[in-house]
Amino acid sequence: MKQFISFVKKEFYHIFRDRRTMFILLGMPVVQIVLFGFALTNEVKNSRIAVLDHAKDNESSVLINQLDASKYFDVQQIIQSDHEIEPIFKQGKVKMVVIIPPSFQEDLRHMNKSSIQLIADASDPNVANTLTNYATALIMDYQKSITQNQKIPYTINTEVRMLYNPQLKGAYNFVPGVMAMVLLLVCTMMTAITIVREKEMGTMEVMLVSPMKPQLVVMAKAVPYLLLSTINIATILLLSVFVLEVPINGSIVLLVAASILFILVSLSLGLLISSGAESQQTAMFISLVALFLPTIMLSGFMFPIENMPLPLRTFSNIVPAKWYYNIVKGVMIKGLNVFGIWKELLILTGMMLFFLTIAIRQFKIRLQ
Amino acid sequence: MNTIINQEGNYNPPPLGDGGMDAVVVKNISKTYGKKKEVQALNNISFSVNPGELFGIIGPDGAGKTSLFRILTTLLLADEGAATVDGFDVVKDYKAIRKRVGYMPGRFSLYQDLTVEENLNFFATIFNTSIEENYDLIKDIYVQIEPFKKRKAGKLSGGMKQKLALSCALIHRPSVLFLDEPTTGVDAVSRKEFWEMLRRLKDQGITILVSTPYMDEAGLCDRVALIQKGKIMSIDSPEAIVNAFPYPLLAVKSVNMLPLLNELKLYDGLKDAYVFGEYHHAVLKNDNAVTGLKEYLEAKNFSVEINPVRPNIEDCFMMLMKSVSSEAQKQDV
């Protein structure tokens, strides 16, 4: 036991004396949360639009004002003719043009009917889609406001309630994703690299010719990363609750316990990689290609898994981050309890035991 | 010819002792590398080391020294043969061996970002001991690096690094100490100091196996094994190896050294000639050739200085290498 503690202490010296490692370990989660929280967002805000108002009447100006006043749009330009539409899209000045037909007010009042054309720049399909949806919603609101005093036969109103995330904040989605990414990076990649470094530096050779059990060497290397990862969980949770205002609806104990389970899975993977890799570069490469990419692509964090073709959907099941991502989303956002996530917990436990067994069996007690 | 080398140019090992007595016993060890076993690192090696002996394994780079050390320290498995350290089998009882030997690899293998003190403390704990417990053993060595105990190991000079590595390898009072090329890349003064330390350790009863490519260090060992291309050419005390040198040896010097060497090689009575410091060493076939040499060279207009010299290990190594390779050539034909 004294050996073990001494080894863990030594490992902390390594970490604390290497500024780069320290930064990756403790700085990265903060940077990622801040980046995803404030810079990299797929929410649409203050999009620049142009208006081609053929009507120039009362109602049309009210509508334009409403669009401009909403937080989604910023009316940048009022254009005068159809010929101007194409050029302003090409210059990239606006994302959407709203065209109001002549006699807009007349048509509304006398024929009870009019139409508005929305032209969007669909070179980014998602943004175009979102913009037209927002605009349609705003126009519908406007329509309701003018029709509220009249009786219209057969109207169906949709009442939409966004459960768990009423404001549709992106942070609700990426906080669980960032947690999975950071833990994977810290636990898997850093652990694998530090073990392989001992091989590269020749210190593993000396360690092997000692009474310390090789398995114990490897375990001792993993402990500091386990501790540092719990600090990372705390940092991420504090930042998301107090800076990004993402609530923790479920039990925080359950969330932390599940995170520790995921950390153990990642550590086992790190140990597995280290037993195969002979150089730090190889260890890093395997970690990035075999783990990091699938985590980003197939955990559901960036792209919805439901829309993927069957082979990818099947493959996503062996990506540990997918299950962890579901757990964090479930507990943190939906407030699920342990019965809501037992399946995921079971799968992660199984994965951990599987990887750990292989890693320990693969561990070489000699140099070759 | 030489008694040590038999007809095939192989070394014939003495029969192995009763095992329990010898600190290290190596029996017919062979080791190859590569998928097709194309690199022969060790070829049927056998020897044994007495307890408390300072045993040198002398040979050039690539002779197989490191492979041999790694097999004995249980880090590699031999293809064939068996070996024991302190009576324990290197394959079966590897755990017991790892508890009782000290090993210093050829490359500096301590933690560079830990200080001198931290390294030593760490290795002491790993071996279930403390610096205080065995301080008397490492005291002579450690006092020399103690002034730098707060310095990172990576920032030490070559000689200091070796002293620290030796301290770490000794901290658990090993019964057998394996030092793989401890003096390679270390300055002459530190090398001398290092060997003095080894002598003192030997006095403490520790069996020491040390490998080195420097022939001049052979004389500091109790016994040496001369190894070349995975084969042991000779095992004996340095004196016995030197005494067994069967030919007259002369040191020859002149103003023009390079033409002199070429001319020497054309001499009938010559066995071998090579550069040796500021002299050429000429190995002659017999005593008649010695007297003829001066005449021969003067006839070629060389004003030469010729002195008979006592062979040293390097001369023996050159001679053994030549006879082994000529035997091998004969076999090939």
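The model is predicted: local features need pLDDT of at least 70, side-chain atom pairs count only at pLDDT 80 or more, and totals for chains, interfaces and linings use all residues. Residues are numbered from 1 along each chain as its sequence is written, and chains are lettered from A and ligands numbered from 1 in the order in which they are written.

**Domains**

Colour chain A by its domain assignment: domain 1 covers 2-40 + 169-362, and domain 2 covers 47-147. Domain bounds come from an automatic or database domain assignment. Over C-alpha atoms, the centres of domain 1 and domain 2 of chain A are 47 Å apart. In chain B, select 24-237 for domain 1 and 249-310 for domain 2; their C-alpha centres are separated by 40 Å.

**The sheet in chain B**

Show the strands β12-β13-β11-β14 of chain B, which in that order make an open, antiparallel sheet of 4 strands. Helices (H or I, at least four residues) and strands (E, at least two) are DSSP runs, numbered from the N terminus, and two strands pair if DSSP finds at least two bridges between them. β12 (270-276) and β14 (305-308) of chain B are at the edges with a single partner strand each, so one side of each has no neighbour in the sheet. From one strand to the next, the twist averages 25°.

Select B:L249 next; its bridge partner in β13(B) is B:V283. Strands β11 (residues 249-253) and β13 (residues 279-284) of chain B are joined by 4 bridges.

Helix α9 (residues 287-299) of chain B lies across β11, β13 and β14 of chain B, at about 135° to β13(B). Axes are lines fitted to C-alpha atoms, for helices over the stretch in contact, and angles run from 0 to 180 degrees between N-to-C directions. Contact means that C-beta atoms, placed from the backbone, lie within 7 Å.

**The cores**

Select B:F178 and B:I208, which touch the most other members of the largest nonpolar core, of 164 residues. A nonpolar core is a set of buried Ala, Val, Leu, Ile, Met, Phe, Trp, Tyr and Cys residues joined through C-beta atoms within 7 Å; buried means that 20 or more other C-beta atoms lie within 10 Å of a residue's own, exposed 12 or fewer, and partly exposed in between.

**Between the chains**

Finally, select the contact: 23 residues come from chain B and 20 residues from chain A.

Terms used. Contact = placed C-beta atoms within 7 Å.
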